[in-house]
Amino acid sequence: IAQPTIMSGNTSATTQSAKMKKDESFLGKLGGTLARRKKSKEVSDLREEGKNAINAPMLPTGTDIHPEDTLLEENAERIMLDPTSRENLKFKDLLKVLIDWINSELEEDRIIVKDLEEDCYDGQVLQKLFEKLSGRKLNVAEVTQSEIGQKQKLQTVLEAVNELLRPHSWTIEWNVDSIHSKNLVAIVYLLVALAMHFQAPIRLPEHVSVKVVVVKQKREGILQTALVTKELTIVFFVLFYKERDAFDTLLDHAPDKLNVVKTSLITFVNKHLNKLNLEVTELESQFADGVYLILLMGLLEDYFVPLYNFFLTPESFEQKVHNVAFAFELMQDGGLKKPKARPEDVVNLNLKSTLRVLYNLFTNYKNSD
């Protein structure tokens with residue numbers, strides 16, 4: 001009877017070793033495959049990077065181009081504001097001036113604009129603004145929710161704007177698609193043109209420029225990009241009233257009579273400020289921080305202004321602007337029209353602005369005790 005074969009420990013070890021070698025061989029092949037795929041991907045990525053470098057040689061670092069911005073027809077282009085320009089202080093100042101101007105013009109319509117991109121793209125605000133400035137009623141639907149309706153309204157509004165501006169050699173830097181796609185640069189171009197054409201009572205910051213990314217679709221789907229500087233305001237532009245007023249004439253043609261006017265205004269303000277043992281000798285400098293304006297309004301309207309509402313000893317430019325803006329609010333609460341000057345103008349010692357504000361108070365309160 002044949003005896004069963006008994007596997008020795010050495011034989012078992014040999015079998016296990018063979019299995020391990022087989023596993024190592026498999027893992028080695030797998031590792032080699034993965035390495036080749038990784039290397040292949042790196043080569044592919046490198047080619048793609050090289051292709052992008054060729055297609056977009058001037059694309060600024062850190063600029064994100066969304067897929068929808070690349071869906072363009074051949075030779076079509078799209079302009080996007082460079083993120084760094086959005087943080088530019090002069091550009092931010094320009095946006096604020098334009099927003100304040102729109103809100104002032106459309107105050108009676110109870111329209112409040114907070115963001116130019118979100119509030120102007122559908123044509124509603126632009127329609128109301130154009131009608132208010134031009135005195136012309138446009139034949140458009142009052143409320144349009146659909147994209148088609150919004151673009152139809154924009155088309156009507158922009159046709160009216162372009163018809164008005166083209167004879168005066170304005171370069172049209174906007175269209176229905178750019179406005180409706182919330183292109184901030186196009187919206188600002190349009191508003192600046194309207195403000196200058198209608199001689200808006202605002203001060204536009206001088207030489208405001210931004211960088212924009214221009215994406216253009218070339219043949220065979222190749223995208224070409226470039227970083228371009230766009231000037232939004234070129235010349236220094238100040239118009240406080242739609243027509244020149246007495247202060248323009250006074251400063252330009254009769255500077256010798258300026259002291260007479262200043263003396264009259266100083267006498268008026270001191271008549272009231274003396275009640276608090278305060279005295280003014282220099283109009284443009286002593287009203288620049290807004291404190292005397294606030295106290296003067298309290299005296300003229302016979303109320304006490306709580307000290308927590310303003311900075312009694314302002315140190316920064318922003319604190320002074322806050323004070324003057326608060327004084328302007330008190331004037332409006334007293335029934336006066338919103339001052340045409342900007343708070344920043346008074347803080348910057350602009351004599352005409354300060355004279356106009358004080359003269360407005362003088363006209364309304366000259367008989368007040």
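Colleague: Is R342 buried or exposed?

Modeller: R342 has a relative accessible area of 13%. This is a predicted model, in which local features need pLDDT of at least 70 and side-chain atom pairs count only at pLDDT 80 or more, while totals for chains, interfaces and linings use all residues. Residues are numbered from 1 along each chain as its sequence is written, and side-chain values use heavy atoms, with hydrogens and water left out. Because buried means under 20% relative accessible area, exposed over 50% and partly exposed in between (1.4 Å probe, protein chains only), R342 is classed as buried.

Colleague: Which residues are linked with R342 in a network of salt bridges?

Modeller: A salt bridge is a side-chain nitrogen of Lys or Arg within 4 Å of a carboxyl oxygen of Asp or Glu, and the side chains of R342 and E344 meet in one at 3.5 Å, N to O. E344 has a relative accessibility of 14% and so counts as buried. The residues linked with R342 in the network are E344 and D93.

Colleague: Which residue forms a salt bridge with K262?

Modeller: K262 is buried, with a relative accessible area of 14%, and the closest N and O atoms of its salt bridge are 3.7 Å apart. The pair links helix α10, which holds K262, to helix α11, 22 residues away; helices here (H or I, at least four residues) and strands (E, at least two) are DSSP runs, numbered from the N terminus.

Colleague: Over the face of which residue does K182 lie?

Modeller: K182, in the loop between α7 and α8, is 64 residues from E118 in helix α4, and the side chains of these two meet in a salt bridge of 3.0 Å, N to O. K182 is partly exposed, with a relative accessible area of 30%, and E118 is likewise classed as partly exposed, at 44%. A charge sits over a ring if NZ of Lys or CZ of Arg is within 6 Å of the ring centre and within 35 degrees of the ring normal. At 4.6 Å from the ring centre, K182 lies over the face of Y121.

Colleague: What is the geometry of the pair formed by the rings of F268 and F362?

Modeller: Rings of Phe, Tyr and Trp (its six-membered ring) pair if their centres lie within 6.5 Å, and planes under 30 degrees apart count as stacked, over 60 as edge-to-face and the rest as tilted. F268 is in helix α10 (residues 258-273) and F362 in helix α15, so the pair ties together parts that are 94 residues apart in sequence. F268 counts as buried at 6% relative accessibility, whereas F362 is partly exposed at 24%. The ring centres are 5.4 Å apart and the planes stand at 85°, so the pair is edge-to-face.

Colleague: Against which helices do the buried residues of α5 pack?

Modeller: Eight of the 11 residues of α5 are buried, among them L126, F130 and L133. Packing rests on contact, meaning heavy atoms within 4.5 Å, and the buried residues of α5 pack against α3, α4, α6, α7 and α8.

Colleague: In which loop is N277 found?

Modeller: Most residues other than glycine have a negative phi. N277, however, has a positive phi of about 60° although it is not a glycine, and at 74% relative accessibility it counts as exposed. N277 is found in the loop between α10 and α11 (283-286).
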